[in-house]
Amino acid sequence: MWRNTDVQQALASWDFSQVARLIRQHGSLRQDDVAQLTGLSQAFLSMLEAGRRRLTNIDKIAEFLSGLGVPSEISPLPLPRRAQPPVSLDTGETLTEGPGHLLLPGGRNLAPTVLPALTRPAASFRGNTLWLSPNTDTEAWSRMPLRALLATSRTVDGTRRHFVMDARQGDRQQAGGFLVIPAAYELDDLTYGILWAVAGFDSAILGDDTALHDLLAPPPQPPLEDNGTLPARDSLADGSQMLVGSQMCASFILEQRDALADDPVFWTREQRGEEAATWLIFQHKHRYLQEMAPRRAHSGVGRAFCVPRSEITASPTYERVLLFLALALMESYGVTTWLTDESDLQQTDGFVLVPGHRAAIATWVRAEPSPQTALAAAAPMLRTFTDLAGHAQAHSITAGSTPGQRLAATADYLGLDRPWLTRRCRQLAAEGTTGLARPRSRHLSLDALDIACSYVAAELQPEAGGHPEETR
């Protein structure tokens, strides 16, 4: 495009209306696309191309040319290459051009994780895709067996924004010799949270792969250590212990499935995104949710969460997004969600209750020193559980007659921007999340996460109001 004679003549004569028209024609761009690239408004660009406005401010011209990526040798203005300062994300992390890393902080249980990241400038930005010219570095990073990122950045509306993908997708996502990164993979609180959870659990679980094989897939006779004892759970990383505890409780409840076959209600102890993300990425939890789903959606089966306001205040936005998506996943399977903020209920054991009949107690979240499972049929305990579930249902702070209303109330309680959340979930649902954070461990999957994003895009949209413009 930059070698085109008409484009070069328009630049040389400072005919920026012609430049804009030619760039759009050669790049198959809309005026909205050029506006996002250059920081100019779509209305101004329309008048510029029609000859009703002129671009005369030197700073605006420089921004216009820089946003379009005009090579310095044909630019009518001197555009010396300046080193870009590190760009701060909302999380406090930075990405700089070239090889670097993204530090994902630790959580209550997850250890900090460092992701190698190679950031390269985008050759072009067409539609909803950023195109990167391949080189030996990007090709080498695409073969990296460990988790790593390929990243690029663009200035949109005067703000430097980053877009990332799993480096191993580099071999898969090529078009005409270029690497392509979907704009849906913009690095924000949604995608950062997904990377944070997947990388954190992946790292812990892969580090304990041998021990987890002994614990989770035992042969007919229990495996023994060299000293004749069973493998110790406390030797596992915290993330691996969460996997073991969660699977133990899920298996116990599934064993009682026939006795809980009516319309059970659930009480769960997840309060933060770190705990709730297990629903989104642990394979066994997704299977468990599928098997325990009610025969008729929202027919009485419900799940109560106790999330005090103090937990909301202490949680970063990306964790609150993960918690929201976990509740959306429940709703997608026909399970009505209730949320209470009464802090004196947060230590209640997790349970599955068929009122007046039986309860299965299964607690692994914040359960020390190990998960607790038991059956309860005594009338006093059943009454207690029934009262707790009834209270949560009657006083839910996210009550609503439809899933969309409950999700809207949940987003508001968690302090999340509904239009942004709807738009971003719609983008990720269309693209899929595998290219962003493909799991390495066989215990993890992104199927449930994709379902949650699709459900939010479908159900929350009427409550968010309107159809916000897509990220460009």
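# A tour of sheets, cavities and cysteines

Start by selecting Arg154: Arg161 in β8 stands opposite this residue. You are looking at a predicted model, in which local features need pLDDT of at least 70 and side-chain atom pairs count only at pLDDT 80 or more, while totals for chains, interfaces and linings use all residues. Residues are numbered from 1 along each chain as its sequence is written, and side-chain values use heavy atoms, with hydrogens and water left out.

**Stop 1**

Select residues 149-156, which form strand β7, and then β8: the two run antiparallel and are joined by eight bridges. Two strands count as paired if DSSP finds at least two bridges between them. Strands of a sheet pair through backbone hydrogen bonds, either parallel or antiparallel. Another pair to click on is Thr155 and its bridge partner in β8, Arg160.

Now widen the selection to the open sheet of four strands, in the order β3-β4-β7-β8, with mixed pairing. Which strands stand at the edges? They are β3 (98-104) and β8; each has a single partner strand, so one side of each is left without a neighbour in the sheet. Neighbouring strands here are turned by 40 degrees against each other on average, direction ignored. For such angles, axes are lines fitted to C-alpha atoms (for helices, over the stretch in contact), and angles run from 0 to 180 degrees between N-to-C directions.

Is β8 mostly open or enclosed? Six of the eight residues of β8 (residues 159-166) are buried, so this strand is largely enclosed by the rest of the structure. Buried means under 20% relative accessible area, exposed means over 50%, and partly exposed lies in between, using a 1.4 Å probe and protein chains only.

**Stop 2: the six-stranded sheet**

Next, select the open sheet of six strands, which has the order β13-β12-β11-β14-β15-β16 and mixed pairing. Its edge strands, β13 (336-340) and β16 (372-376), each pair on one side only. Here neighbouring strands are turned by 15 degrees against each other on average, direction ignored.

Zoom in on β13. Five of the five residues of β13 are buried, so the strand is largely enclosed by the rest of the structure. In a regular strand the side chains alternate between the two faces of the sheet. In β13, Thr336, Trp338 and Thr340 point one way, Thr337 and Leu339 the other way, and all are buried.

Cys306 stands opposite Thr340 in β13. Then move to β11 (residues 265-268), joined to β14 (residues 351-354) by three bridges in an antiparallel pairing. Look there for Val265, whose bridge partner in β14 is Leu353.

**Stop 3: hidden and open spaces**

A search of the whole structure finds four cavities of 30 Å³ or more. On a 1 Å grid over the protein atoms alone, a cavity is a set of points where a 1.4 Å probe fits but cannot get out, and a pocket is an open set with protein on both sides within 12 Å along at least five of seven lines; lining residues have an atom within 4 Å of a point. Grid points are joined across faces, edges and corners, and a volume is the space filled by probe spheres set on the points.

The largest cavity has a volume of about 220 Å³. Select Ile253, Thr268, Arg303, Ala362 and Trp364, the closest to its centre of the 21 lining residues. Helix α9 gives the most to this lining, with four residues. The lining divides into 13 nonpolar, four polar and four charged residues. In this scheme Ala, Val, Leu, Ile, Met, Phe, Trp, Tyr, Cys and Pro count as nonpolar, Asp, Glu, Lys and Arg as charged, and the others, Gly among them, as polar.

Now try the second largest pocket, with a volume of about 320 Å³. Of its 16 lining residues, Asn109, Met242, Trp364, Ala367 and Glu368 are the closest to its centre. Helix α9 (residues 238-255) gives the most to this lining, with four residues.

**Stop 4: a loop and some cysteines**

Select Gln256, in the loop between α9 and β11. At 12% relative accessibility, Gln256 counts as buried.

Finally, select Cys425, which is buried with a relative accessible area of 0%.
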